[in-house]
Amino acid sequence: MFSEKKDRKTMEPSASQNRINEGTKFTGDIVSDGFFRIDGIVEGTISKPSKVVLGKSGIIKGKLTCENADIEGRFEGNLDVSGTLTLKSTAHIEGEVVVGKLAVEPGATFNASCSMHGSKKSNPSADKDKPSPYDRQQRLKKASSEQAN
């Protein structure tokens with residue numbers, strides 16, 4: 001009696017979970033607040049999921065905006081993850097990536113421009129008068145060449 005209830009719970013996804021299975025191709029835009037697992041192919045825009053897991057057989061071509069993402073499959077396009085992006089060893093990423101935190105396992109392919117948001121930048125006006133390390137190197141080279149002449 002208890003095993004029947006347990007089996008039903010594991011077989012049925014909860015209301016907050018969404019799944020696109022292997023062998024399924026979806027073209028269009030998805031807006032959801034729930035968790036997503038993608039093992040099929042999605043071409044389009046996925047917005048607002050709390051977490052996205054892209055399985056080994058999963059492919060996303062388009063734009064993904066989410067809180068956290070674990071990627072094992074292939075992603076092509078614009079990826080905006082406000083929290084942590086985890087790239088597993090089988091992941092293949094191409095495009096533009098904006099993340100809060102990035103974790104990459106050895107073996108992952110990451111051919112993307114990447115920027116991290118959330119890090120505090122220094123005040124540019126306060127740093128204006130500070131010479132950069134490059135400027136110091138230039139001054140040293142110039143001084144040594146003037147001494148040689």
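Residues are numbered from 1 along each chain as its sequence is written, and side-chain values use heavy atoms, with hydrogens and water left out. Since the model is predicted, local features need pLDDT of at least 70 and side-chain atom pairs count only at pLDDT 80 or more, while totals for chains, interfaces and linings use all residues.

Let me begin with the inside. In soluble globular proteins, nonpolar side chains tend to be buried together. By a nonpolar core I mean a set of buried Ala, Val, Leu, Ile, Met, Phe, Trp, Tyr and Cys residues joined through side-chain atoms within 4.5 Å, and by buried I mean under 20% relative accessible area, with exposed being over 50% and partly exposed in between, using a 1.4 Å probe and protein chains only. The largest such core here has 23 residues, and those with the most contacts inside it are I38, I60, L64, I71, F75, L79 and L85. At least two residues of this core come from each of β3 (35–38), β4, β5, β6 (59–66), β7 (68–71), β8 and β9, where the strands are DSSP runs of E with at least two residues, numbered from the N terminus. Strand β8 gives the largest share, 5 residues. If we look at L79 and leave aside its neighbours within four places in sequence, we find it in contact (heavy atoms within 4.5 Å) with L64, I71, L85, E96, V97 and V98.

Now to the charged residues. Side chains of opposite charge can pair when their charged atoms come close. The structure holds 7 salt bridges, each being a side-chain nitrogen of Lys or Arg within 4 Å of a carboxyl oxygen of Asp or Glu. One of them joins E43 and K25 at 3.6 Å, N to O, and this pair links distant parts of the chain, with E43 in strand β4 and K25 in strand β2 (residues 25–31), 18 residues apart. K25 counts as exposed because its relative accessibility is 54%, whereas E43, at 27%, is partly exposed.

Another pair is E94 and R74, whose closest N and O atoms are 3.6 Å apart.

Which residues are linked in a network of salt bridges? They are R19, R37 and D39. Within it, the side chains of D39 and R37 meet at 3.1 Å, N to O; D39 is buried because its relative accessibility is 8%, while R37 is partly exposed at 25%.

Two further places deserve a look. K48, in the loop between β4 (41–47) and β5 (51–54), has a positive phi of about 70° although it is not a glycine. Most residues other than glycine have a negative phi. K48 is also exposed, at 56% relative accessibility.

Finally, the cysteines: how many disulfides does a search of the whole structure find? It finds 0, a disulfide being a pair of cysteine sulfur atoms within 2.5 Å. C66 is buried at 5% relative accessibility, and C114 is partly exposed at 36%.

Definitions and conventions. Helices (H or I, at least four residues) and strands (E, at least two) are DSSP runs, numbered from the N terminus.
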